[in-house]
Amino acid sequence: MDKYPLLLDGRPEGELSVDREGLYTVFSARCPLAEGLWCAWAVGDQGELRLGVLEPEGRQGSIRRRFSRQLTAPLGRILRGELRPAGVREAETWEDAPEPERLFRGQWLRQRLRGARGTLTRQAGETRYLALPYDPGKPFPLTALFCFARLRSIGEKRFVVYGFDRQERPVF
C-alpha cells in the first residue's frame, strides 16, 4: 500500500492510501472534516481522477473507492491527493488554436490537423486537450481516434474533445 498526502489549498490535511487489488486500484482518503461538502481527488503526473464526496464519520471524513486500470492509467504516477469543494466545477480556460498542427510534434497528428478551423485547446496538468468543432453533417474529426473522443458543448458550440499525454498519445 502506498500513502500520499491529502492536500487542501496546498496544506496536508489527511492521507490518501492507494492499494492494488488484481485489476483494480483502491483509493482510501481520510481527513478531519471541514464544514461543507468535499471531494477527494487523486492527482498524478499526467492527469486527475475524482474519487467522490467524503462521508462523515464523527469528526473525520473518509471515502474508499475502487477503479479499473482503464480509469487509473491516465493518472500516470500518483503524486498526491487533494480536497476540493463538491459541486464546484473547475473553470476551464480554452484558447483559440488557429494552427492546431503546431501544438504537436508527431507527423500523424500534424497532417490531420493542418487547416482545421475553429479549434480550441487547453492544458490541464500533463494533458493537452484539443476541441475540434463538431458538425453532424460533416466527417467526424480525427476519425481514427473516435473511441477517445468526447462530444460536448463549450460555450454555445458543439465540439469533439480529445486529450493527449506528453508523448502525444490519446487518453480517455
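## Charged pairs

At 40% relative accessibility, Arg30 counts as partly exposed. Glu57 is also partly exposed, at 40%. Buried here means under 20% relative accessible area, exposed means over 50%, and partly exposed lies in between (1.4 Å probe, protein chains only).

This is a predicted model, in which local features need pLDDT of at least 70 and side-chain atom pairs count only at pLDDT 80 or more, while totals for chains, interfaces and linings use all residues. Residues are numbered from 1 along each chain as its sequence is written, and side-chain values use heavy atoms, with hydrogens and water left out.

Arg30 and Glu57 form a salt bridge, with their closest N and O atoms 3.0 Å apart. This pair links distant parts of the chain: Arg30 sits in strand S3 (residues 24-32) and Glu57 in strand S6, 27 residues apart. A salt bridge is a side-chain nitrogen of Lys or Arg within 4 Å of a carboxyl oxygen of Asp or Glu. Strands (E, at least two residues) and helices (H or I, at least four) are DSSP runs, numbered from the N terminus.

The whole structure holds twelve salt bridges.

| Salt bridge | N to O distance |
|---|---|
| Arg30 and Glu57 | 3.0 Å |
| Glu168 and Arg105 | 3.6 Å |
| Glu13 and Arg11 | 3.8 Å |

The Glu168 and Arg105 pair also links distant parts of the chain, 63 residues apart. Glu168 lies in the loop between strand S13 (157-164) and strand S14 (170-171). Arg105 lies in the loop between strand S9 (95-96) and helix H2 (107-113). Glu168 is buried, at 14% relative accessible area, whereas Arg105 is exposed, at 62%.

In the remaining pair of the table, Glu13 is partly exposed at 27%. Arg11 is partly exposed at 44%. Elsewhere, a network of salt bridges links Glu48, Arg80, Glu82 and Arg84.

## The sheet

Eight strands make an open sheet with mixed pairing, in the order S5-S4-S8-S1-S2-S3-S7-S6. Strands S5 (48-53) and S6 (55-57) stand at the edges with a single partner strand each, so one side of each has no neighbour in the sheet. Neighbouring strands are turned by 25 degrees against each other on average, direction ignored. The axes behind such angles are lines fitted to C-alpha atoms.

Strand S4 (residues 38-44) pairs with S5 in the antiparallel sense, over five bridges. Two strands pair if DSSP finds at least two bridges between them. Ala42 has Leu49 in S5 as its bridge partner.

## Cores

A nonpolar core is a set of buried Ala, Val, Leu, Ile, Met, Phe, Trp, Tyr and Cys residues joined through side-chain atoms within 4.5 Å. The largest has 19 residues, of which Leu16, Phe27, Ala29, Leu51, Leu54 and Leu83 touch the most other members. Strands S1 (2-8), S2 (11-21), S3, S4, S5, S7 (60-68) and S8 (78-85) each give two or more residues to this core. Another core, of eleven residues, lies apart from it and includes Leu109, Leu113, Ala116 and Phe164.

Key
Axes fitted to C-alpha atoms, helices over the stretch in contact; angles between N-to-C directions.
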